[in-house]
Amino acid sequence: MQQEPYKYWAFISYSHRDRAWARWLHRALESYRVPRRLVGSAGVDGATPRRIFPVFRDHEELPSSASLSRAIDAALAQSRYLVVIASPYAAVSRWVEQEVARFRALGRGDRILCLIVDGEPHADQQPGEGLLECLPPSLRLDGGAEPIAADVRPGRDGRSLALLKLAAGLLGLSLDQLRRRERRRQLALRLAWCAGALGLAALLAGLWNFEQQAKGEALAQQALRTHIDTVYERGRQELLAHNEARAAVFLEEAYRLGTDTPALRFMLGQAMRIVDAAQTSFQTGLPVRSVRFSPDAKLLLTRSTGDLLRVWQADTGVRLSEFALPGFAMFYGPAFSRDGRLVYFGGVADRAASGFLAVWDARRGRSLAMLSTPPSADRPFNFFDASGRRVVHATADNAVEIDDLETGKAVRRLAGNFSVAGFSRDGRRVITGGGNGEVMVWDGELRRRLQTLRGLQSSVVSLDDTQDGTLVAASAQDGAVRVWQAADGALRLVAGHPSARPLLLFSLDGTRLLTKAADGARVWNTANGALVYAQQFAGAAGNNFDISARGGRVMTSNNSRLTVQDAQTGADLFSLDGHHGLPQGRDISEDDRSIATGGADGRVVLWRMPAVPQHEFVHRVDPLRWAAAPRPPGVAALYGPAASWIATGGGDGSIRLWDGHSGEPIRSIAADPVSVNVLAASADGALIASGGEVEGVKLWDRASGRLLRALDCQGKRVLTVALAPGGQAVAAAIAGGTTLLWDLGSGAQIARFERDQARAGHWSPDGRRYAVGVQGAVKLWDLGARRFAWSTQLAPAAGGNAGEVAAIDFSADGLRVLAALHGRVAALLDVRDGKVLRRFEEASGGEINSILFGPGGERAVSTAGSGGATLWRLADGRAWALRGHAGEVRSAEFSPDGNFVVTAGVDGTARLWDTRDGELLGTVAQHASQLPEIPFQAAAISPDGQRLLTGSVDGVVREWSLRTETRGPGELAAELRCRVPWQLDGDELRPADPGGAQCLPAR
């Protein structure tokens, strides 16, 4: 029978969380030797071979797109069989599902085998059993053929029998044939050994004992290596998912067992930065349902089961007072008054026709008032006046009443159709909302109406104003939200929710408004009315949501974790994991410095707000000005020597200098009427060169901000600017295909090139030569001789068209040049004569737009418009595809030590990769707007490799920590025992109780 022309005997499909099993199976199948008497016998695929070889296993990260890569697709098409490693991870992996579906589409559905490593087949049909499904959806076919499955779960086949089952399935032989042949082979081998050992029994016995000991040691080492690989990979995956505490437990285990690589230390540093944020904790003795800071963050208020409110000293965990709550069905609060002296709680008592508002003295626990309110669970923003002695509220008969808390008597009552009332944040005015949708602003005595705010059509349910009193916000029964200017009643924001009765809250500075209803939570920009953040809720009852006082962070406890997100991008920044199960209580202090969480375990944990990002440097870019521009504005950022200062530029036309340690502003320089696109600095940091949108290249004295020289660029947009390392010249690429070189001392133009692409130019490390790309050729300009030393034409890829040179870079020793065509070809050239030493083809299949040497000259990285980047090993041309960005990858930077590479993409993210194997270590930066287009640099790493600057076209430059862990395994283990409610049991996590006497200052 003619064999089909397949390249692979089998394709192993697996979730990368099962990578250890995939490695074992790959080695086991390829090393398995078919019994000699069966070799050549007829099988399903022709004559039975001696070995099952080769077997395909994907070693690389899968792309973030929704479809399989071409390499994977081709390998599936060239494989006789598909072996699926079945586990709960595989059951939910979209990549495993796509590979199974693709293989079935090839008409080979009867050639799918499974290796079950965990979970239970068809568990989804037994929902009451609590089992996890292990099969991908395509293999759970009702009435379909059950795939051949080997089972290595405890108590099942074991590895040896499982391997024989899979080998039999792949070879088209019966399992019994292989088992009989295997037993015969083993018997024959034993007989041969016995016959040969008659005269040497004692010697062979000793050799056997030695061999068994060595085998046992080898197996132990193999098991250890598998365990280390497993916990390392699981830690990496948890970190990518922003589960930092769990990641730290896994990664510390790999660290303790001897893995000590820059990648591991980086991941540990990122994880421990969040773990270390847990500053103190104390036990309340009862499950905590909510927790609130006082405005000055010195007190904490907890609500526990049993309807108990307790006030605690935040820094010591000492209980100050306790209140018993009335029974309720709906509620708002509990919370502190603005001065922190009072605690209030309100709602609708069980089976009552009216609501209540209860007020206590926070420190003494003394009840001050129990006031009747409308039957509503909606939360007014501030009940108390500036003195804290009077409270305002809507009454059960829809009047508004001011009560004196010391006498318990009403001092002012105003009849009407009021649904909600409260004092302004400063306590000097009263703001009311009516059943007809009108919002009214009154003096503090409720005697004179100052303003009537219209725009709502149904009953007002929630109110708030800004700290300075300039804005008032209200929401209505029908879901509408409005913001007015308090001075003249003009509408500032018209918004709303599809769900009824949204609650609302201003950020402390009034620039953001948080609204929340049954459909989800939203954050609005009060300056322009833009929706800057939205989160959809699957159901309102269990969805808690908070915004930080300055509006930059949102905290949500939806589904299974407590996550802090960036209010601009919606991206997860980190998760807080300090309890068994999801913390029901959580709050952010008004100074944005602390977070409190409380859980069903009775613990309250205080966290220092992690600085993610560390600093933010803002250029006020007018989006309307750039809306009609053909291209978005440039953005630039660079570190000075020793990162003592930072310079940024953006679409407001300014250069801004910042302190490199505190992030505080130093100076602002008006550099261009439109935009500063690029920046460069001299080696000593004394000189800064800027490239603008219309006024060319300018040279500045950094210390004084004085303009030293302006270099004419014919009114064209500057795309790149670079100072020669020796300080002799400056080069700039301008729009239209021209590169200009000037003498730095005199400002005279010394050369002009009609180069190919904006990045096709680079100074040598000594500043004496300039490499430029012209019409598909790399040319080396000698600065001293004022002429080209050589010119080398680059050949395009086979079958491709001649292209332009897209990017050039010099090695650090100045002996080699890397050049890339605007296609898929790159070349390594000898600086002495321009000879091509090696050619490369871009692995991601996209057109190269940048290329860069690593610090040691052994690695290089290129980026492409395909959404990928490629890491190269220059000695042999081996390439690793770096896939993960959505859209074009716009730049790449190596860390100074060469251990990492950062890629930045149009998706607004920067990602960090291990240069040893191209493994993704984390998304280290994110922005709400896209990163700048080629050729502008989208990221810069500090000289010590510990910090990263990224900038987006909206003028926001952010600094991120690239911290690597410096503590030893023992110290980390002690920290984890004190702070993390998880510990490792084999390869799995199990709950643990953090803390103990050794964990002071936790209480």
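Trainee: Which residues of H9 and H11 meet?
Mentor: In this predicted model, Leu268, Met272 and Val275 of H9 meet Leu972, Glu975, Leu976 and Arg979 of H11. Sorted by class, the contact of H9 with H11 has five nonpolar and two charged residues, with no polar ones.

Trainee: And at what angle do H9 and H11 pack, and how far apart are their axes?
Mentor: H9 and helix H11, which covers residues 969–979, pack at an angle of about 40°, and their axes are 11 Å apart. As for the handedness, H9 passes H11 in a left-handed crossing.

Trainee: What about H8 and H9, how do those two pack?
Mentor: Helix H8 (residues 244–256) and helix H9 (residues 262–275) pack at an angle of about 140°, with 8 Å between their axes. That angle makes H8 oblique to H9, and H8 passes H9 in a left-handed crossing.

Trainee: Which residues are involved there?
Mentor: On the H8 side, the residues that meet H9 include Ala248, Leu251 and Tyr255, while on the H9 side the residues in this contact include Leu264, Leu268 and Met272. The residues of the contact of H8 with H9 divide into 13 nonpolar, one polar and three charged. Notice that Leu268, Met272 and Val275 of H9 are listed in the contact with H8, and that Leu268, Met272 and Val275 are also listed in the contact with H11.

Trainee: Switching topic, what's the strand order in the four-stranded open sheet?
Mentor: The order is E28-E29-E30-E31, and the pairing in this open sheet is antiparallel. Strand E28 (503–506) and strand E31 (531–536) stand at the edges with a single partner strand each, so one side of each has no neighbour in the sheet. On average, neighbouring strands of this sheet are turned by 15° against each other, if direction is ignored.

Trainee: How many bridges join E28 to E29?
Mentor: Four bridges join E28 to strand E29 (residues 512–517), and these two strands run antiparallel.

Trainee: Where do phenylalanine 282 and tryptophan 312 lie?
Mentor: Phenylalanine 282 lies in strand E8 (residues 278–283) and tryptophan 312 in strand E11 (residues 308–313), so the pair ties together parts that are 30 residues apart in sequence.

Note on methods: Residues are numbered from 1 along each chain as its sequence is written. This is a predicted model: local features need pLDDT of at least 70, side-chain atom pairs count only at pLDDT 80 or more; totals for chains, interfaces and linings use all residues. Side-chain values use heavy atoms; hydrogens and water are left out. Axes are lines fitted to C-alpha atoms, for helices over the stretch in contact, and angles run from 0 to 180 degrees between N-to-C directions. Angles under 35 degrees count as roughly parallel, over 145 as roughly antiparallel, 65 to 115 as roughly perpendicular and the rest as oblique. A crossing is left-handed if the near helix is turned anticlockwise from the far one by less than a right angle, and right-handed if clockwise. Contact means heavy atoms within 4.5 Å. Ala, Val, Leu, Ile, Met, Phe, Trp, Tyr, Cys and Pro count as nonpolar, Asp, Glu, Lys and Arg as charged, and the others, Gly among them, as polar. Two strands pair if DSSP finds at least two bridges between them.
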